[in-house]
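Welcome! Take a moment to look over the sequence and the model, and then we can walk through the packing together.

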Amino acid sequence: MSRDKLTNLRGNHSRLEVAQDLEITPQMLGAIERGSRTPSLPLAKKIADYYGVAIEDIFFEHERHEMCHKKEA
């Protein structure tokens, strides 16, 4: 997870405000934002819903790889 994703989503809202809305501590939110803690799946879903984005958009790096195709002889 890119640590900037969550802080960018939080924008001008304080960590305390967002943490209260998510019903977690500001310390926990900070740890998740820094990448030192990984949220449980239910909490990740709650965070994604709060920001109106998919879980994958926050917590996973998107790298698209083309599938390898066998060359026909």
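How are α2 and α3 oriented to each other, roughly parallel or roughly perpendicular? Keep in mind that this is a predicted model. The axes of the two helices, α2 and α3, cross at roughly 105 degrees and come within 8 Å. An angle from 65 to 115 degrees counts as roughly perpendicular, so α2 and α3 are roughly perpendicular to each other.

Here is who takes part in that contact, helix by helix:

| Helix | Residues in the contact |
|---|---|
| α2 | R15, L16, V18, A19 and L22 |
| α3 | P26, L29, G30 and E33 |

By kind, the residues where α2 meets α3 are six nonpolar, one polar and two charged. E33 belongs to helix α3, and its relative accessible area is 2%. Buried means under 20%, so E33 is buried. The side chain of E33 makes a polar contact of 3.0 Å with the side chain of R15.

Now to the nonpolar core. The largest one has 15 residues, and L6, I47 and F59 have the most contacts inside it. Two or more residues come from each of α2 (15-22), α3 (26-34), α4 (41-51) and α5 (55-59). Helix α4 gives the most, with five residues.

What does I47 touch, leaving out residues up to four places away in sequence? Its partners are L6, L22, I32, I58 and F59. Among them, L6 and F59 are, like I47, residues with the most contacts inside the core.

Methods:
Residues numbered from 1 in each chain as written. Predicted model: local features only at pLDDT ≥ 70, side-chain atom pairs only at ≥ 80, totals over all residues. Heavy atoms only, no water. Core = buried A, V, L, I, M, F, W, Y, C linked by side-chain atoms within 4.5 Å. Buried < 20%, exposed > 50% of the residue type's maximum accessible area, 1.4 Å probe, protein only. Helix = DSSP H or I, 4+ residues; strand = E, 2+ residues; numbered from the N terminus. Contact = heavy atoms within 4.5 Å. Axes fitted to C-alpha atoms, helices over the stretch in contact; angles between N-to-C directions. Parallel < 35°, antiparallel > 145°, perpendicular 65-115°, else oblique. Nonpolar A, V, L, I, M, F, W, Y, C, P; charged D, E, K, R; others polar. Polar contact = N/O pair within 3.5 Å; in protein donor to acceptor, adjacent residues only side chain to side chain.
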